[in-house]
Amino acid sequence: MQFHRIQKSEYRTLPTEPGIYKFFDKEKIIYVGKAKNLKNRVSSYFSNTNQSNYKTTKLIREVVYIEITIVNSEFDALLLENSLIKENQPKYNILLKDDKSFPSICITHERFPRIYSTRRIDKSKGQYFGPYTSVKAMNSVLDLIRKLYKIRTCNYLLSEDNIRKKKFKVCLEYHIGNCLAPCEGLQREHEYLEEIDQAKKILQGDIPLVKSHFKTEMDHASKDLNFELAHEYKIKLDYLEKFQVRSLIVSQKITDTDVFAILVEDKIAFVNYLKIQMGSIRVSETVEVKRRLDESEKDILSYSIIELRQKYESDNKTILTNIPIGDWPHLDTYVPKIGDKKKLVDLSVKNALYSKKEKTTKNAGTPNERILTQLQEDLHLKELPVHIECFDNSNFQGSSPVASMVCFKNAKPSKKDYRKFNIKTVEGPDDFSSMKEIVGRRYYKLKTEGLPLPNLIVIDGGKGQLSAASEALRALDLYGSIPIIGIAKKLEEIYTPSDSIPLYINKKSESLKLIQRLRDEAHRFAITFHRQKRSKKSIGSVLDNIPGIGPSSKEKLLSHFKSVERIKKTSPEELAQFLGPSKAKLIDKYFSS
């Protein structure tokens with residue numbers, strides 16, 4: 001490889017060959033890129049066409065000098081670029097976000113190897129298989145191996161000298177048949193290693209070869225009339241069959257294939273990887289890749305493919321993707337259009353889409369912000385419904401009609417903004433006219449005083465109440481500027497003024513639960529106000545019937561005695577202390593009669 005360093009101003013002197021370029025500030029690498037034609041690619045950064053991109057402009061301002069490395073092909077440039085990004089972590093390069101430590105399965109380099117799971121990789125201690133993105137999947141593989149083979153679980157140093165000196169005694173695992181006690185020399189080393197080799201085949205995904213071995217051994221045992229041993233092999237074959245059925249996808253004909261799918265949204269790309277061996281998904285992982293500049297989908301996916309294949313030590317020769325990535329040396333890369341391979345790519349896209357949705361939900365902010373965002377989506381609102389007001393009527397057989405308005409801000413009750421209404425213009429039990437009156441009064445006040453209007457109005461009732469409220473808004477020239485809906489109690493249907501067919505929101509959705517909370521709170525507030533009004537009216541009517549007892553006397557009595565019942569039980573002498581002897585006699589005479 002040839003290395004060249006030039007000043008930023010000398011970019012026009014670069015060669016037209018393929019290679020990688022490194023942008024440096026005064027101290028370190030800040031960006032690494034690859035190019036089919038170094039001169040054309042680097043020159044594009046300094047042309048006026050890129051000045052609309054703020055990040056690119058900022059990058060170019062920081063560049064002091066440029067270093068290039070010429071390579072033989074564009075693919076070599078891709079590999080070198082990937083290596084340099086991992087080594088230097090330049091601040092303007094895409095960042096594959098992968099801070100998870102996935103477990104692997106280790107087969108140790110001991111005399112009688114052990115098999116166990118671990119998150120620490122030390123190649124000097126053994127051979128590693130994985131990593132596994134699902135602990136459950138890894139444990140199912142370990143469980144299968146322990147059912148099929150007699151592998152020790154102890155950590156004794158089983159050297160020839162230690163075994164000969166009988167330093168160890170058999171443990172419970174030997175007595176229950178899970179181990180053949182190599183610690184006491186009861187199992188030969190070559191027999192143990194044969195089982196380890198079989199276990200490696202399973203970990204490498206070569207299950208058909210292991211099945212073939214067990215079938216051969218079962219046939220031999222059967223011919224030798226050793227039916228007990230043949231039955232043991234039959235059980236092992238059943239274990240393998242069940243394990244393979246659980247992990248089988250599409251077709252066993254699809255072997256040694258890597259599947260990748262990419263979805264890009266703004267500054268983040270989601271790349272899913274499926275590693276297929278022997279018709280089974282051996283690895284499934286989705287990674288986030290942060291876009292630092294204006295990297296293309298192809299560039300991001302190419303970088304991710306190299307990273308993920310290295311991470312999972314894949315040497316599969318076939319790569320399926322959902323977008324073209326071009327020709328790669330010694331690899332078959334293509335975008336399938338039909339068949340089982342297309343289904344695999346679709347599955348990979350589905351996994352990437354799930355991660356994207358999960359990320360969006362996680363970034364939706366607080367739970368209340370998430371609920372309001374969902375409500376905005378369900379009701380097709382232009383604005384986030386941060387300020388919601390809900391109305392309800394209440395009366396008893398047409399008497400004491402009242403209404404209430406409750407206010408929720410940021411999906412929480414704002415009780416200081418609650419309002420009570422006495423119905424003034426409506427006679428008798430007319431819910432529609434009452435709704436029109438209170439909605440008109442509420443928003444006339446807000447409009448004339450220049451106070452903030454809500455982002456959403458909720459009416460407790462069906463089409464009738466909703467139409468009445470809409471008429472009130474039309475009279476104030478506010479209809480259309482404030483979204484308004486009605487909620488009918490029976491089926492929890494959501495009505496809008498412009499549509500006769502109700503809108504059904506999922507009964508389990510958080511957005512519908514918020515509307516129900518508003519409705520229930522408005523109903524509670526209206527009922528409470530109505531009861532208070534009826535109670536005061538009944539108390540007032542008794543004292544109003546006493547001749548000579550005016551409003552001030554009545555107020556004085558109620559503030560001291562609290563109820564009519566206590567006034568009834570009070571002696572004329574005690575009443576005289578508050579109202580004088582003449583009024584005390586009037587009250588006593590009234591209640592006595």
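Trainee: Is His380 buried or exposed?

Mentor: This is a predicted model, so every value here is computed. A residue counts as exposed when its relative accessible area is over 50%. His380 has a relative accessible area of 67%, so the class is exposed.

Trainee: Where does His380 lie, and what is its phi?

Mentor: His380 sits in the loop between helix 12 (367-379) and strand 14 (387-396). Most residues other than glycine have a negative phi. His380 is not a glycine, yet its phi is positive, at about 55°.

Trainee: Which loop holds Asn410, a residue other than glycine with a positive phi?

Mentor: The phi of Asn410 is near 55°. With a relative accessible area of 44%, Asn410 counts as partly exposed. Its place is in the loop between strand 15 (399-409) and strand 16 (412-413).

Trainee: What is the strand order in the open sheet of 3 strands?

Mentor: Strands of a sheet pair through backbone hydrogen bonds, either parallel or antiparallel. Here strand 6 (residues 104-108) pairs with strand 8 in the antiparallel sense over 4 bridges. Strand 6 also pairs with strand 7 in the antiparallel sense, over 4 bridges. The order is therefore 7-6-8.

Trainee: Which residue in strand 7 is the bridge partner of Cys106?

Mentor: Strand 6 and strand 7 form a hairpin with 6 residues between them. On the strand 8 side, Thr108 stands opposite Gly126, and Ile105 stands opposite Phe129. For Cys106, the bridge partner in strand 7 is Tyr116.

Trainee: How many of the residues of strand 6 are buried?

Mentor: In a regular strand the side chains alternate between the two faces of the sheet. In strand 6, Ser104, Cys106 and Thr108 point one way, while Ile105 and Ile107 point the other way. Both sets are buried. The count is 5 of its 5 residues.

Trainee: Which helices pack on the sheet next to strand 6?

Mentor: Helix 4 (residues 135-148) touches strand 6 and strand 7, and its direction makes about 170° with that of strand 7. Another helix touches strand 6, strand 7 and strand 8, and its direction makes about 160° with that of strand 6.

Trainee: How far apart in sequence are the parts tied together by Lys91 and Glu62?

Mentor: The structure holds 24 salt bridges. In one of them the side chains of Lys91 and Glu62 meet, at 3.1 Å from N to O. Lys91 lies in the loop between helix 3 (74-88) and strand 5 (95-97) and Glu62 lies in helix 2 (residues 54-62), so the pair ties together parts that are 29 residues apart.

Trainee: Which helix holds both Arg164 and Asp161?

Mentor: The side chains of Arg164 and Asp161 meet in a salt bridge of 2.8 Å, N to O. Arg164 is exposed at 58% relative accessibility, and Asp161 is partly exposed at 31%. They are 3 residues apart, about one turn, and both lie in helix 5 (residues 160-164).

Trainee: Are Arg309 and Asp258 buried or exposed?

Mentor: Arg309 forms a salt bridge with Asp258, with the closest N and O atoms 2.6 Å apart. The pair links helix 10 (residues 297-311) to strand 9 (residues 257-265), 51 residues apart. A residue is buried when its relative accessible area is under 20%. Arg309 has 13%, so it is buried, and Asp258, with 0%, is also buried.

Trainee: What is the volume of the largest cavity?

Mentor: The structure holds 2 cavities of 30 Å³ or more. The largest is lined by 13 residues, and those nearest its centre are Arg152, Cys154, Cys171, Glu173 and Cys179. Its volume is about 100 Å³.

Conventions
Residues numbered from 1 in each chain as written. Predicted model: local features only at pLDDT ≥ 70, side-chain atom pairs only at ≥ 80, totals over all residues. Heavy atoms only, no water. Pairing = 2+ DSSP bridges. Helix = DSSP H or I, 4+ residues; strand = E, 2+ residues; numbered from the N terminus. Contact = heavy atoms within 4.5 Å. Axes fitted to C-alpha atoms, helices over the stretch in contact; angles between N-to-C directions. Salt bridge = Lys/Arg side-chain N within 4 Å of Asp/Glu carboxyl O. Buried < 20%, exposed > 50% of the residue type's maximum accessible area, 1.4 Å probe, protein only. 1 Å grid on protein atoms, 1.4 Å probe; cavity = no way out; pocket = protein on both sides within 12 Å on 5 of 7 lines; lining within 4 Å. Points joined across faces, edges and corners; volume = space filled by probe spheres on them.
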